[in-house]
Amino acid sequence: MAITNARIQFSSDTVTQWQKVNPKLREGEMAVAKRDSGKFLIKVGSAGGSTYNESITVWDQETAESLTAASAASASAASASQTAAAASASAASAIQTAAKASETAAKLSETNAKTSERNAKASETAAKLSETNAKTSETNAAASSTSASAYASAAKTSETNAKNFSNSIMAQIQNAASSATEAGDYANAAGVSAQAAADSQTAASKSEINASSYEQQTKIYADNASESASAAAESAKSITEDKFYTQAEMDAKYLISKTEPSNPNDGSLWFDTGNMLIKARINGAWVSFGAVYSG
């Protein structure tokens with residue numbers, strides 16, 4: 001079989017010339033047209049033949065280049081979108097990490113809040129215990145100071161004077177509870193009471209009746225009064241609320257009778273006129289602070 005080297009030449013002209021002449025192309029015949037821009041386009045005769053203007057455009061350089069540029073732009077946009085998506089994913093991951101950190105911090109804050117709440121309750125309990133202890137100390141100090149003062153006063157005065165003196169001591173305690181400054185005044189007053197007890201001791205030592213015994217008891221109660229004054233001053237520092245008593249409360253707190261009072265409260269004082277003893281109600285029992293002598 002012989003092989004020939006054949007060359008096919010297609011019809012070529014400008015687009016303007018093709019459109020002007022508008023020749024008829026056979027079916028499948030190609031026509032190459034050059035635009036004013038220098039770009040080419042190719043048309044092919046349709047089935048049964050067709051004019052140039054009615055033939056099918058199978059390739060247009062301008063359209064191809066435009067599509068290529070658009071494709072490149074789309075590819076670039078897609079790459080940019082992919083980069084943005086990656087950045088968004090990274091940001092989402094960072095946000096998720098931050099959210100987890102926030103959740104952890106929130107749980108830690110909740111734990112700290114519960115711990116703080118427990119500590120607050122413990123502090124409240126401790127404060128209440130301190131307040132109770134302060135009130136107990138105040139009651140004990142008042143009982144000790146009042147008993148010493150009442151003993152010194154009762155050595156010279158009647159039952160009525162003893163009650164009045166106890167009331168004056170209570171007034172001093174109330175003043176001490178009102179402020180830290182008044183606590184110092186109370187301590188001074190307690191010191192005066194201690195001095196009065198010492199004076200009573202001196203006077204008692206001169207008495208012909210139970211002189212030796214009375215002198216020793218007076219010294220003991222004078223020492224107790226001094227210690228009570230110091231304890232009262234220390235107790236007054238922890239008192240945060242003023243308390244004032246009505247006359248009815250005073251009558252219920254300071255009792256003078258021959259028989260044991262019914263339904264007494266801790267902190268109450270009783271002048272037992274049957275035995276001439278000063279007693280204080282402490283922890284549900286009557287504690288005697290000594291005898292009262294009239295000379």
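The model is predicted, so local features need pLDDT of at least 70 and side-chain atom pairs count only at pLDDT 80 or more, while totals for chains, interfaces and linings use all residues. Residues are numbered from 1 along each chain as its sequence is written, and side-chain values use heavy atoms, with hydrogens and water left out.

Start with the overall picture. The protein has 6 helices and 10 strands. These are DSSP runs numbered from the N terminus: helices are H or I with at least four residues, strands are E with at least two. Of the 295 residues, 29% count as buried. Buried means under 20% relative accessible area, exposed means over 50%, and partly exposed lies in between (1.4 Å probe, protein chains only). The accessible surface comes to about 18200 Å², and carbon and sulfur atoms own 53% of that. Accessible areas come from the Shrake-Rupley method with a 1.4 Å probe; for residues, only the protein chains shown count as cover. Among contacts with a separation of 6 or more, 41% join residues 24 or more positions apart. A contact means heavy atoms within 4.5 Å.

Now go inside. In soluble globular proteins, nonpolar side chains tend to be buried together. The largest nonpolar core here has 7 residues: Val-15, Trp-18, Leu-25, Ala-31, Ala-33, Leu-41 and Tyr-52. Such a core is a set of buried Ala, Val, Leu, Ile, Met, Phe, Trp, Tyr and Cys residues joined through side-chain atoms within 4.5 Å. Helix H1 (15-21) and strand S3 each supply at least two residues of this core. Take Val-15. Leaving aside residues up to four places away in sequence, Val-15 touches Ala-33, Lys-34, Arg-35, Leu-41 and Tyr-52.

The whole structure holds 2 aromatic pairs. Trp-18 and Tyr-52 form a stacked one, at 5.0 Å centre to centre with 15 degrees between the planes. Trp-18 lies in helix H1 and Tyr-52 in the loop between strand S5 (50-51) and S6, so the pair ties together parts 34 residues apart in sequence. Rings of Phe, Tyr and Trp (its six-membered ring) pair if their centres lie within 6.5 Å; planes under 30 degrees apart count as stacked, over 60 as edge-to-face and the rest as tilted. Both Trp-18 and Tyr-52 are buried.

Next, the surface. Phe-40, Ile-56, Val-58 and Trp-59 make a nonpolar patch of about 360 Å². Patches take residues with over 30% relative accessible area and no salt bridge; like charges are joined within 9 Å, nonpolar side chains (Val, Leu, Ile, Met, Phe, Trp, Tyr) within 5 Å. Strand S6 gives the largest share, 3 residues. Trp-59 sits in strand S6 and is partly exposed at 37%.

A search finds 9 salt bridges, each a side-chain nitrogen of Lys or Arg within 4 Å of a carboxyl oxygen of Asp or Glu. Asp-60 and Arg-35 form one, at 2.5 Å from N to O. Asp-60 is in strand S6 (residues 56-60) and Arg-35 in the loop between strand S3 (30-34) and strand S4 (40-44), 25 residues apart. Asp-60 is buried at 13%; Arg-35 is partly exposed at 25%. Arg-35, Asp-60 and Glu-62 are linked in a salt-bridge network. Lys-128 and Glu-124 pair at 3.5 Å, both in helix H2 (residues 61-154) and about one turn apart. Asp-272 meets Lys-279 at 3.5 Å. Asp-272 is buried at 2%, and Lys-279 is buried at 16%.
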